[in-house]
Amino acid sequence: MSESSRTAKSIKNAKVALIFYFINLVLQFFSRKVFLDYLGAEVLGLNTTAQNLIGFLNLAELGIGSAIAFTLYKPLHEKNTQVINEIVSVQGWLYRRVAYIVIAGACILMFFFPLIFAKAQVPLWYTYGSFIVLLVSTLLGYFVNYRQIVLTADQKEYKITLNIQGFKVIKVLLQILAISYLSNGYVYWMILELGMSVITAIVLDKLLKKEYPWLKTISSEGGRLRKKYPEIITKTKQVFYHQVATIVLAQTSPLIIYAYASLTLVAIYGNYMLLVTGISLFMDALLRGMNAGVGNLVAEGDKQRIKNVFWELTSLRIWLASTACFGLYKFAHSFVALWVNSDFILEQSPFIVLLLIAFINMTRTNDMFLAAYGLYQDIWAPITEACINLGLSILLGYFYGLTGILFGVLISMLLIVFGWKPFFLYRYGFKEGVREYVVRYLKYITLIVIAYICISLFADKWFTVPINSYRIWLSYALQISLLYAIFSLLLFMLVDKSSRRWLVRCVMILKK
């Protein structure tokens with residue numbers, strides 16, 4: 001596949017993803033505000049906790065999707081429809097077994113709900129209703145929509161986004177209206193959540209039949225076909241351990257917070273996580289469409305081009321992440337005070353740790369290239385990361401509360417994501433020493449620190465009017481964040497050739 005074709009598909013994926021990102025971001029903030037005003041922090045915290053529990057059960061997915069996507073790159077490039085059908089049939093067979101495990105785990109977990117939610121000040125049937133609705137939505141992905149992986153691997157993810165995110169917008173709008181104007185609004189929230197999940201699954205299935213009329217999968221044949229594609233099982237076993245770390249990192253913190261504190265603190269933490277996640281999803285929407293393109297690039301085997309693209313994406317991610325974290329550091333507290341009220345402002349020490357975690361998460365270019373190379377064999381790394389994260393979060397959380405819980409997450413990420421992953425990629429992907437990575441990353445960090453200090457000093461001196469309205473907040477946030485973005489970009493352009501390359505690429509795209 002040509003570079004221009006990969007870029008064009010990536011741009012189309014990014015454009016659609018960005019449109020829905022902004023729509024959903026606004027709706028999430030508004031719906032969370034409605035949740036707090038009409039249902040209270042306890043129900044909001046319950047909803048967040050139920051989603052975290054579903055996230056744990058999804059660990060059973062084992063990373064099958066990632067393994068299948070990696071396996072599909074070559075047959076899609078060769079247009080080998082028979083192989084594609086067989087691989088996706090294996091996926092369907094595996095997903096059905098995963099679904100049975102999830103159902104069994106959910107039944108066992110629900111048995112302990114009266115104990116888990118003993119101190120929750122909400123009706124117990126709310127807990128069961130929320131959990132079952134979210135569970136059904138998850139199971140539809142295993143039984144009906146698993147074939148969408150073909151669209152993802154074929155760089156047509158924008159078609160998935162149009163359908164899934166389009167229906168999500170309608171669903172959230174209806175849920176907001178139901179909570180605001182109907183008695184027992186949360187009941188209607190659950191009904192809409194279930195109904196729209198079913199509609200989305202049906203529409204997406206019809207899209208796949210239209211887009212790939214030759215896609216005829218037989219899940220019952222997957223057990224026989226899996227012997228023909230042993231790399232799927234091998235990669236799945238390896239990816240499983242990486243999924244463990246991902247789930248633990250994403251889902252444990254709210255549960256440990258609830259164990260040590262209350263659903264109200266979970267809601268406060270959730271408000272800030274919504275801000276951080278919103279920024280992360282923006283970067284994901286902007287860059288996710290490149291994943292399949294990177295996979296195709298690696299398959300071609302031009303090492304110099306691969307490394308050039310790697311460093312372009314790395315410098316771009318670091319610049320974007322630093323701009324986002326700077327804006328959050330300066331304006332997150334004032335936004336929360338305007339949005340919900342000052343009672344929901346997070347203390348400064350856990351907030352800073354949360355920003356450091358967010359920065360590392362937003363700069364994980366290594367993961368994209370490790371997936372493209374199929375490098376999942378370092379199964380000890382995610383196990384170690386999960387153990388350090390969980391152990392330190394529980395231990396430090398007992399002594400230092402929320403700051404300790406988040407610090408446990410940060411330490412595990414510094415050791416594995418920040419330390420091991422780049423070494424692993426350079427050693428087994430690029431087949432080089434890691435010295436280049438260390439030197440260049442330190443250069444980027446130095447540039448970020450310089451920009452942070454300079455713009456912070458300037459902002460603290462010249463922007464001192466109290467922020468007491470959305471208009472003032474938006475004006476200050478845009479001016480100072482833009483000032484940081486421009487100043488830091490100039491620093492990057494002056495000293496880094498990869499940054500200059502991606503800027504030139506962006507300018508050429510805009511001209512077209």
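In which helix is Leu174 found? Leu174 lies in helix H8; helices are DSSP runs of H or I with at least four residues, strands are runs of E with at least two, and both are numbered from the N terminus.

The structure is a predicted model, in which local features need pLDDT of at least 70 and side-chain atom pairs count only at pLDDT 80 or more, while totals for chains, interfaces and linings use all residues. Residues are numbered from 1 along each chain as its sequence is written, and side-chain values use heavy atoms, with hydrogens and water left out.

**Overall fold.** The chain contains 20 helices and zero strands. Of its 512 residues, 54% count as buried, where buried means under 20% relative accessible area, exposed over 50%, and partly exposed in between (1.4 Å probe, protein chains only). Contacts are heavy atoms within 4.5 Å; among those between residues at least 6 apart in sequence, 84% join residues at least 24 apart.

**Nonpolar core.** A nonpolar core is a set of buried Ala, Val, Leu, Ile, Met, Phe, Trp, Tyr and Cys residues joined through side-chain atoms within 4.5 Å. The largest one has 152 residues, of which Leu72, Val150 and Phe369 touch the most other members. Helix H14 (residues 303–339) gives the most to this core, with 19 residues. Leaving aside residues up to four places away in sequence, Phe369 touches Val294, Ile306, Val309, Phe310, Leu313 and Leu425.

Helix H8 (157–181) and helix H9 (185–211) are the elements that give two or more residues to the patch, and H8 provides the largest share, four residues.

| Residue | Relative accessible area |
|---|---|
| Leu174 | 36% |
| Val198 | 34% |
| Cys107 | 47% |
| Cys454 | 36% |

Val198 is found in helix H9. Its C-alpha atom is separated by 7.5 Å from that of Leu140, 58 residues apart along the chain. As for the cysteines, the count of disulfides comes to zero, a disulfide being a pair of cysteine sulfur atoms within 2.5 Å.
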